[in-house]
Amino acid sequence: MNEITSTRSNPFVDPSVHVWHAEVPIYLFLGGLVAGLMVLAGLWRLRAPRESSRALTLLPWMVPVLLTVGMLFLWLDLENRWNAYRFYLTMQPTSPMSWGSWILLAVYPVSVFVAWVSMPEATRTAIVERAPLGGALLSRLETWALARERTLAWMSIVLGAALGVYTGVLLGTMAARPLWNSAILGPLFLASGLSSAAAFLLLHRITDAERTTIGRLDMGLILVEGLLLALWLVALRSGGASSRAAAGLLLGGPFTAAFWTLVVVMGLATPVLAEWIEARHGLRPGRVPAVLVLLGGFALRWIVVYAGQESAILAQTALR
Amino acid sequence: MKGPSYGMVLDTRTCVGCSACVIACKTENDVPDGVTRNWIFTEVSGTYPDLSMSIRSERCNHCENAPCVAVCPTGASYYGAGGTVKVDADKCTGCKACIAACPYGARFVDPRTDTVDKCTFCLHRLENGTPTTACQEICPTQSIYFGDLNDPESDVSRLLASRASYTLLPDAGTRPKHFFLR
């Protein structure tokens, strides 16, 4: 028997850590989705297709829009919100959150330029002509951006990958939370973000050829995500006592049903099976698997954030 | 010559868990209701009738390798005088990364300022010439010792040299500077 009594009952830490609530998984999901969209938008610009659906030329604008929504949730999570500017008065090299703050800031101009050059020329010209103020400046910026289209595309890919990995590393560096303390979480969240982005594109009115390409890509990404998820669990399950206890939260513990139902079956297995059947029978990739991928991606963040806070380094009794 | 490295030693054989240290800390540091910088931890182990009990007065461990300092995105958590771990409330955004990163649950959000707070080893007293912490001064069984771990003549160094001791969660790799005498 080992009975413990503590007189401490501080909010956020007792009886177990619960510092982060809905705002954080919402932000992590939107951050991952934005990261995936940036990588896909960059790759798409590098391929420079002659003809694209109107939806695909306008979708890069969703990067700054969704990022703003995500950052709003991140800001709402802060206890001392009016001190948020402090993130940008320093750079703390050991803090993933500090890296993330600066990455987010760099994402904005790059994503806006990429979104601008992705639009059809006629649309850009119409906007420049109709701009009530600053039309000349807009025109000069456009010339500047068009001359650097490939550089901007590569920046979009690199920043997108950094953003996607950071959302996982943010949790992964917390040694005190064994469920999170894994280097796999970064690539896992990036793969999930890429898959969510592909699914997000499939929800829009794009051409059949684009739909087939993105559907195939999504299928591959789901398989990679599934592999990383399995490796994460294997690493936890084969670790020390604290890691094994953390894995137990998803393998027999309180988060097991939600994890296997929402993340594995609904978010990975069902859409990949549906997309495989679609590909095998030459069908147009539909929207239902895409919706399931997005819901699964959100459930993954939600469950990892909540379950991770329940995990802790196990103490050996001091009395032995 | 090395500078001071402040640490704390608690004698688990004499601590009776009276909570006087908790009250003294609240008074000295104006800690608001509902939160606490230190607390009493009681652990009973064994199988009846062979039971043993350990009582500990616990607080921030002022780790040498503090994860709260490493994860802080604004530099609000930092190493202060004598290697103590401090919080600069002016820089704190209340992101709570430090609370999640601390394996000891030593931090909380002050509901009055919405910034993170924790034990300071009463450094303000030391700066004013009082070499004891409030919890140490009030302790009726003299179980709490505070001092310079780099000074071989300090109480804390002598106790650690003469008695067996342990730190909490050594596997966490945080190198705590709060020691417990067996």
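Two strands pair if DSSP finds at least two bridges between them. Helices (H or I, at least four residues) and strands (E, at least two) are DSSP runs, numbered from the N terminus. The model is a predicted one, where local features need pLDDT of at least 70 and side-chain atom pairs count only at pLDDT 80 or more, while totals for chains, interfaces and linings use all residues. Residues are numbered from 1 along each chain as its sequence is written, and chains are lettered from A and ligands numbered from 1 in the order in which they are written.

Q: Which strand of chain B do five bridges join to E1(A)?
A: E1 covers residues 2–6 of chain A. In this pairing A:Thr5 has B:Thr42 as its bridge partner. The two strands run antiparallel, and the one in chain B, residues 39–47, is E2.

Q: Which element gives the most to the side of chain A that touches chain B?
A: Contact here means C-beta atoms, placed from the backbone, within 7 Å. The interface takes 42 residues from chain A and 47 residues from chain B. Strand E1 and helix H4 (96–118) of chain A each supply at least two residues to chain A's side. With five residues, the top contributor is E1(A).

Q: Is A:Leu104 buried, partly exposed or exposed?
A: A residue is buried with 20 or more other C-beta atoms within 10 Å of its own, exposed with 12 or fewer, and partly exposed in between. A:Leu104, which sits in helix H4 of chain A, touches A:Leu67 and A:Met71, leaving aside neighbours within four places in sequence. It has 19 C-beta neighbours inside 10 Å, so A:Leu104 counts as partly exposed.

Q: What is the radius of gyration of chain B?
A: Chain B has six helices and 10 strands. The radius is taken over C-alpha atoms, and the globule rule is 2.2 Å times the number of residues to the power 0.38. For 182 residues that rule gives 16 Å, and chain B comes close to it, so it is as compact as a globular protein of that length, with a radius of gyration of 16 Å.

Methods. Contact = placed C-beta atoms within 7 Å.
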